Amino acid sequence: PKSSEEQKREAFEGPAALVFPADGAGGGASLETVRVSDVQAQPLRWLWPDRFAIGKINIVSGGPGLGKSLLTLMMAAHVTRGTQWPVDGTHCPHGRALMLCGEDDVADTIRPRLEAMGADLERIEVVQMVADAKGRRGFDLQRDTERLVQKAESMGDCRLIIIDPVSAHLGRVDSHSNAEVRGLLAGLAEASARIGVATVMVSHLNKGTSGANAVYRTSGSLAFVAAARSAYIVAKDPANPERRLFLPQKNNLAKGGSGLAYRVASDSDGQPRLEFEAAPVTITADEALAVQ
């Protein structure tokens with residue numbers, strides 16, 4: 001069996017030495033390549049500048065009850081209105097959002113929360129089931145990613161896909177298998193780039209060990225964080241359990257921005273909302289998770 005260090009390395013880099021059988025002259029397989037000089041350079045496009053890029057997959061991880069889903073609903077609300085992001089005050093492109101929600105009910109949870117956030121409900125759609133020749137079934141990223149692409153394209157200006165939680169939509173993929181997760185997310189990453197959406201996956205945290213690097217705390221294979229271009233954690237402030245911290249684990253495309261702090265409050269109707277502090281925070285994800 002491979003050591004934990006070998007498994008961690010392979011999640012990011014792939015196996016160090018693999019020998020693949022050749023198809024042979026009559027196998028019909030060929031490499032698809034592109035000459036770099038034939039590719040027109042393009043600037044990165046951002047949903048939330050320096051945090052979540054359009055055309056990429058991203059992940060937000062955290063413990064239960066900390067507001068991960070509220071955070072993604074807030075993102076959907078901003079996209080449907082094209083309003084400035086909290087704290088940063090940066091531009092949010094106006095568009096539509098498509099959601100996969102494996103835990104929350106649309107009627108009694110998702111809609112009331114989106115309404116309370118001022119979202120344009122006409123610009124948000126939630127995938128509920130997949131209908132095929134055998135009947136109705138749950139959405140499976142392994143089988144249905146192309147269907148998700150087709151739906152997003154049909155919406156015209158979809159800018160955000162939310163998968164909450166990603167573990168509820170893996171089908172038969174072993175969430176702890178680096179190879180299986182990498183294969184699944186490669187297809188999702190290609191789809192996100194092809195249709196020009198920011199895909200945000202939501203995940204839980206594992207128990208971890210004292211002093212463990214924050215990138216190892218996302219539940220399942222390390223490939224989830226490795227494949228994502230940006231990864232964030234939501235954690236309790238060690239000094240104030242009512243205060244939530246939104247902190248970068250990694251960001252391959254920018255400096256990642258500073259961490260943010262917020263509280264989960266309630267409006268007059270009892271609907272939860274996020275209240276962000278005006279000042280960014282400097283605590284790191286490693287520091288925040290060291291005591292959790």
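The structure is a predicted model, in which local features need pLDDT of at least 70 and side-chain atom pairs count only at pLDDT 80 or more, whereas totals for chains, interfaces and linings use all residues. Residues are numbered from 1 along each chain as its sequence is written, and side-chain values use heavy atoms, with hydrogens and water left out.

The protein contains seven helices and 13 strands, assigned as DSSP runs (helices H or I, at least four residues; strands E, at least two) and numbered from the N terminus. Of its 292 residues, 45% count as buried. Here buried denotes under 20% relative accessible area, exposed over 50%, and partly exposed the range in between (1.4 Å probe, protein chains only). Among contacts (heavy atoms within 4.5 Å) between residues at least 6 apart in sequence, 65% join residues at least 24 apart.

Nine strands form an open sheet with mixed pairing, in the order β5-β4-β8-β9-β3-β10-β11-β12-β13. Pairing of two strands requires that DSSP find at least two bridges between them. At the edges stand β5 (124-127) and β13, each of which pairs on one side only. From one strand to the next, the twist averages 25 degrees, with axes taken as lines fitted to C-alpha atoms and angles running from 0 to 180 degrees between N-to-C directions. Within the protein, strand β3 (residues 57-62) pairs with β10 in the parallel sense over five bridges, and Val60 stands opposite Tyr232 in β10.

In soluble globular proteins, nonpolar side chains tend to be buried together. A nonpolar core is defined here as a set of buried Ala, Val, Leu, Ile, Met, Phe, Trp, Tyr and Cys residues joined through side-chain atoms within 4.5 Å. The largest such core has 34 residues, and Met75, Leu160 and Phe246 touch the most other members. At least two residues of this core come from each of β1, α2, β4, α3 (106-116), β8, β9 (198-203), β10 (230-237) and β12 (260-266). The largest share, eight residues, is supplied by α2. When neighbours within four places in sequence are left aside, Met75 is in contact with Leu47, Trp48, Phe52, Trp85, Leu160 and Val200. A second, separate core of 33 residues includes Leu141, Val149, Leu184 and Leu185.

A pair of aromatic rings is described by the distance of the centres and the angle of the planes. Rings of Phe, Tyr and Trp (its six-membered ring) were paired if their centres lie within 6.5 Å; planes under 30 degrees apart count as stacked, over 60 as edge-to-face and the rest as tilted. The structure holds seven aromatic pairs. One of these, Trp48 with Phe246, is stacked at 6.1 Å centre to centre, with 25 degrees between the planes. This pair links distant parts of the chain, since Trp48 lies in strand β1 and Phe246 in strand β11 (residues 240-251), 198 residues apart. Tyr232 and Phe246 also form a stacked pair, at 4.7 Å centre to centre and 15 degrees between the planes. Tyr232 belongs to strand β10 and Phe246 to strand β11, so this pair ties together parts that are 14 residues apart in sequence. Tyr232 counts as buried at 0% relative accessibility, and Phe246 counts as buried at 0%. Ring pairs link Trp48, Phe52, Trp85, Tyr232 and Phe246 into a cluster.

Most residues other than glycine have a negative phi, and most peptide bonds are trans. Asp164 and Pro165 are joined by a cis peptide bond, with omega about -10 degrees; Pro165 lies in the loop between β8 (158-164) and α5 (178-195). Asp50, in the loop between β1 (46-48) and β2 (52-53), has a positive phi of about 65 degrees although it is not a glycine. At 40% relative accessibility, Asp50 is partly exposed. Val87, also a residue other than glycine, has a positive phi near 65 degrees. Val87 is located in the loop between α2 (68-81) and β4 (96-101) and is partly exposed, with a relative accessible area of 32%.
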